[in-house]
Amino acid sequence: MENILEIKDLSKKYDGFELKNINIKLPKGTIMGFIGENGAGKTTTIKLILNIIKKNEGEIKIFGLDNIKEEKRIKEDIGVVLDDSFLSEYLNPLDINKIMKNIYKNWDEELYFKYINEFKLPKDKISKEYSTGMKMKLKIAVALSHHPKLLILDEPTSGLDPIARNEILDIFQDFIQDEEHGIFVSSHI
């Protein structure tokens with residue numbers, strides 16, 4: 001089975017914190033939980049995978065490609081949900097669609113609005129006015145709407161009620177059914 005994500009001997013050092021020798025293999029068609037207490041380095045690892053922060057040592061390959069040398073190509077096929085969405089809270093779903101269709105070659109407007117409707121998110125309301133759960137659903141809709149091959153999710157079910165959590169988990173299960181996709185999800189739960 002081919003790996004969609006491989007991490008070898010990944011290390012990152014900060015004053016007072018060190019992430020040391022992380023090794024992960026995520027095969028296609030699987031969901032991998034990256035579990036640890038708050039402050040254990042889960043978000044740091046995700047930011048290293050995405051090349052948001054620079055590693056001290058190690059190797060990261062996504063789709064068999066170096067995550068730094070092939071960053072632009074790789075990111076076209078990754079859906080990401082982080083605690084900080086990097087989108088202004090003064091945008092509504094209509095605004096976000098306009099932005100994303102100019103960023104991603106494979107942006108699927110129809111799919112995006114299918115999720116927006118399915119999640120019952122008001123299209124004309126800015127995300128700042130959304131509940132925590134609604135904001136998470138919006139991030140998930142954005143992450144899924146450009147047909148990624150890999151989802152990287154940092155605490156994606158935090159702030160969701162049990163019904164919404166199950167709805168999202170069903171969507172993730174559907175996502176990996178073709179065995180060409182993968183999900184890397186962190187949680188402290």
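The side chains of Glu-118 and Lys-114 come together in a salt bridge, with N and O 3.3 Å apart. A salt bridge here is a side-chain nitrogen of Lys or Arg within 4 Å of a carboxyl oxygen of Asp or Glu. The two residues are four apart in helix H4 (residues 109–118), so about one helical turn separates them. Helices (H or I, at least four residues) and strands (E, at least two) are DSSP runs, numbered from the N terminus. Glu-118 is partly exposed at 31% relative accessibility, and Lys-114 is partly exposed too, at 44%. On this scale, buried means under 20% relative accessible area, exposed means over 50%, and partly exposed is in between (1.4 Å probe, protein chains only).

All of this comes from a predicted model, in which local features need pLDDT of at least 70 and side-chain atom pairs count only at pLDDT 80 or more, while totals for chains, interfaces and linings use all residues. Residues are numbered from 1 along each chain as its sequence is written, and side-chain values use heavy atoms, with hydrogens and water left out. As for pLDDT, that is the predictor's confidence in each residue, from 0 to 100. Its mean over the protein is 92, and 99% of the residues reach 70 or more.

Lys-28 counts as buried, at 17% relative accessibility, whereas Glu-180 is partly exposed, at 43%. Glu-2 joins in as well: Glu-2, Lys-28 and Glu-180 are linked in a network of salt bridges.

Another salt bridge brings together the side chains of Lys-137 and Glu-167, at 3.9 Å from N to O. Since Lys-137 is in helix H5 (residues 132–144) and Glu-167 is in helix H6, the pair ties together parts that are 30 residues apart in sequence. Lys-137 is buried, at 14% relative accessibility, while Glu-167 is partly exposed, at 24%.

Helix H5 deserves a look of its own. With 10 of its 13 residues buried, H5 is largely enclosed by the rest of the structure. The buried set includes Gly-133, Met-136, Leu-138 and Ile-140, along with Lys-137. These buried residues of H5 pack against strand S6 (78–81), helix H3 (93–100), H4, S7 and H6, where contact means heavy atoms within 4.5 Å. The length of H5 also works out: at 1.5 Å a residue its 13 residues should span 18 Å, and its end C-alpha atoms are 19 Å apart, which agrees. The expected span is 1.5 Å times one less than the number of residues in the helix.

Asn-21, in strand S2 (residues 17–27), has a phi near 50°, a positive value in a residue other than glycine. Glu-155 is found in the loop between strand S7 (150–154) and H6. Asn-21 is partly exposed, with a relative accessible area of 42%, but Glu-155 is buried, at 14%.
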